[in-house]
Amino acid sequence: MPEPTKCIGCGAVIHDDEEYSFVEGTINPNALVCHHCKKAVNDGFRLSKELCDAVNVGDECSFGRALAIGFANQHRTLQQSFFRAFCAFLHYYKDTRTDARNEAAVEMAKKWFAVSQDQTLPFI
Ligand SMILES: [Zn+2]
């Protein structure tokens, strides 16, 4: 029996009669997302590309500084919401397949995720 098709956002099984769509911008042409997760998943894929494009110019320090300054000027509740999302990112990214190009990043994600489990980020 073949594996059921699952939403890459929530993991729910997508049935043939349900509304779903293909994920925009993914390298996996078979990645499907349910109607409920569509915006979050497409935003995540779009932002991951924009972040990688930003560091691809080679000035990671200036980018990181500007990102921190810009981020610190956002609504403080949203700053904390972002960190909850970042912890979720670490949870999933730590299990990413590796080779020499991303091995250190994934190892760092494992350590940061472990540390993040000791801290709560309340919604205020
Ligand atoms: Zn979903």
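## Domains and overall extent

The protein in this predicted model is divided into two parts: domain 1 covers residues 1-73, and domain 2 covers residues 75-119. Between the C-alpha centres of domain 1 and domain 2 the distance is 15 Å. The C-alpha trace of the protein as a whole spans about 50 × 40 × 30 Å along its principal axes.

## Secondary structure

Four helices and two strands make up the list of secondary-structure elements in the protein. When the sequence is read along its length, these elements follow the pattern β-β-α-α-α-α.

## The packing of H3 and H4

Helix H3 is formed by residues 76-93 and helix H4 by residues 103-116. The two helices pack with their axes 8 Å apart, at an angle of about 130 degrees. H3 and H4 are therefore described as oblique to each other, and their crossing is left-handed.

Which residues of H3 meet residues of H4? On the H3 side they are Cys87, Leu90, His91 and Tyr93. Their counterparts in H4 are Val106, Ala109, Trp112, Phe113 and Ser116.

## Confidence of the prediction

The mean pLDDT of the protein is 91, and 100% of its residues reach a value of 70 or more. Where in the protein is confidence lowest, and where is it highest? The lowest confidence is found in strand E1, residues 20-22, with a mean of 81. The highest is found in H4, at 98; H4 is also one of the two helices in the packing described above.

Conventions. Residues are numbered from 1 along each chain as its sequence is written. This is a predicted model: local features need pLDDT of at least 70, side-chain atom pairs count only at pLDDT 80 or more; totals for chains, interfaces and linings use all residues. Domain bounds come from an automatic or database domain assignment. Axes are lines fitted to C-alpha atoms, for helices over the stretch in contact, and angles run from 0 to 180 degrees between N-to-C directions. Angles under 35 degrees count as roughly parallel, over 145 as roughly antiparallel, 65 to 115 as roughly perpendicular and the rest as oblique. A crossing is left-handed if the near helix is turned anticlockwise from the far one by less than a right angle, and right-handed if clockwise. Two residues are in contact if their C-beta atoms, placed from the backbone, lie within 7 Å. pLDDT is the predictor's confidence in each residue, from 0 to 100.
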